[in-house]
Amino acid sequence: MKILKITMALALLMILTPMISNAQDQVVTLEFQNAATALEVVQKYTKALQAGDVATMNAQFAPNAMIYGLGGGLDSLTVAQHKEYYTNSTNQFKHTLSGELYLPVKVTNNWNEGEWILSWGTNTLQHKATGKIITVPYHTAGTVVNGKITFLRYWYDMLNIMEAQGFEIKPPSN
């Protein structure tokens with residue numbers, strides 16, 4: 001049994017050694033040549049959301065960009081679907097973003113290589129017909145290539161949205 005444990009430990013070490021050595025080659029930097037430009041693109045997208053300007057939002061995307069995490073699932077949207085999603089949303093809700101924070105990050109020599117803009121904040125949605133307010137903390141991560149967003153991933157607090165729609169979370173009865 002002792003020999004089996006030692007053999008398993010050595011096998012695990014041999015498997016992990018390439019991962020450990022590759023991780024040392026990865027470079028992450030906060031200062032890079034296109035940081036300001038990439039940041040401007042994402043901030044322009046965000047300001048357009050607050051203004052309800054879906055055309056300007058969509059103009060920040062590369063033609064083949066993919067958007068993930070909207071609509072409450074692991075769904076993906078094309079640029080055209082993004083336009084439809086936010087046209088519907090801005091017709092129903094006024095979006096007010098606050099507490100915005102942006103972080104440009106460049107990753108090289110890793111699976112997530114690219115020039116990323118990470119953003120955080122709170123999206124306060126006011127229903128235009130009823131005046132009802134929903135507060136939604138959010139985080140996005142997007143890559144910018146040649147001045148266009150090529151990938152955008154949303155994470156946000158679904159509980160606030162679900163509760164505003166009348167859903168309740170109840171503990172188990174037992």
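**Threonine, histidine and ring pairs in a predicted model**

A polar atom of the T90 side chain lies 3.4 Å from the backbone oxygen of T87. A polar contact is a pair of N or O atoms within 3.5 Å; within protein, one atom must be able to donate a hydrogen and the other to accept it, and residues adjacent in sequence count only if both atoms are side-chain atoms. This is a predicted model, in which local features need pLDDT of at least 70 and side-chain atom pairs count only at pLDDT 80 or more, while totals for chains, interfaces and linings use all residues. Residues are numbered from 1 along each chain as its sequence is written, and side-chain values use heavy atoms, with hydrogens and water left out.

T90 has its place in helix α4. With 8% relative accessibility, T90 counts as buried; the term buried means under 20% relative accessible area, exposed means over 50%, and partly exposed is in between (1.4 Å probe, protein chains only). If neighbours within four places in sequence are left aside, T90 is in contact with L49, G52, V54, H95 and K128, where contact means heavy atoms within 4.5 Å.

The chain as a whole may now be considered. It has five helices and seven strands. Helices (H or I, at least four residues) and strands (E, at least two) are DSSP runs, numbered from the N terminus. In order from the N terminus, the elements run α-β-α-α-β-β-α-β-β-β-β-α. Of the 174 residues in the chain, 32% are buried. The accessible surface of the chain comes to about 11,100 Å², and 60% of this belongs to carbon and sulfur atoms; such areas come from the Shrake-Rupley method with a 1.4 Å probe, and for residues only the protein chains shown count as cover. Among contacts between residues at least 6 apart in sequence, 54% join residues at least 24 apart.

The structure holds five aromatic pairs. Rings of Phe, Tyr and Trp (its six-membered ring) pair if their centres lie within 6.5 Å; planes under 30 degrees apart count as stacked, over 60 as edge-to-face and the rest as tilted. The pair of Y68 and F151 is tilted because the planes of the two rings stand at 40°, with the centres 5.3 Å apart. Y68 belongs to strand β2 (residues 61–68) and F151 to strand β7 (residues 148–156), so that the pair links distant parts of the chain, 83 residues apart. Y68 is partly exposed at 25% relative accessibility, and F151 is partly exposed with a relative accessible area of 27%. Ring pairs join Y68, W116 and F151 into a cluster.

Another tilted aromatic pair is formed by Y86 and Y154, at 6.5 Å centre to centre and 40° between the planes. Because Y86 lies in helix α4 (residues 79–92) and Y154 in strand β7, this pair ties together parts that are 68 residues apart in sequence. Y86 is buried, with a relative accessible area of 4%, and Y154 is buried, with a value of 9%.

Y154 is also one of the residues touched by H139. H139 lies in strand β6 (residues 133–145). A polar atom of the H139 side chain lies 2.9 Å from the backbone oxygen of S119, and a polar contact of 3.0 Å joins the side chains of H139 and W120.

Finally, I169 is found in the segment after α5 (158–164). I169 counts as exposed, at 67% relative accessibility.
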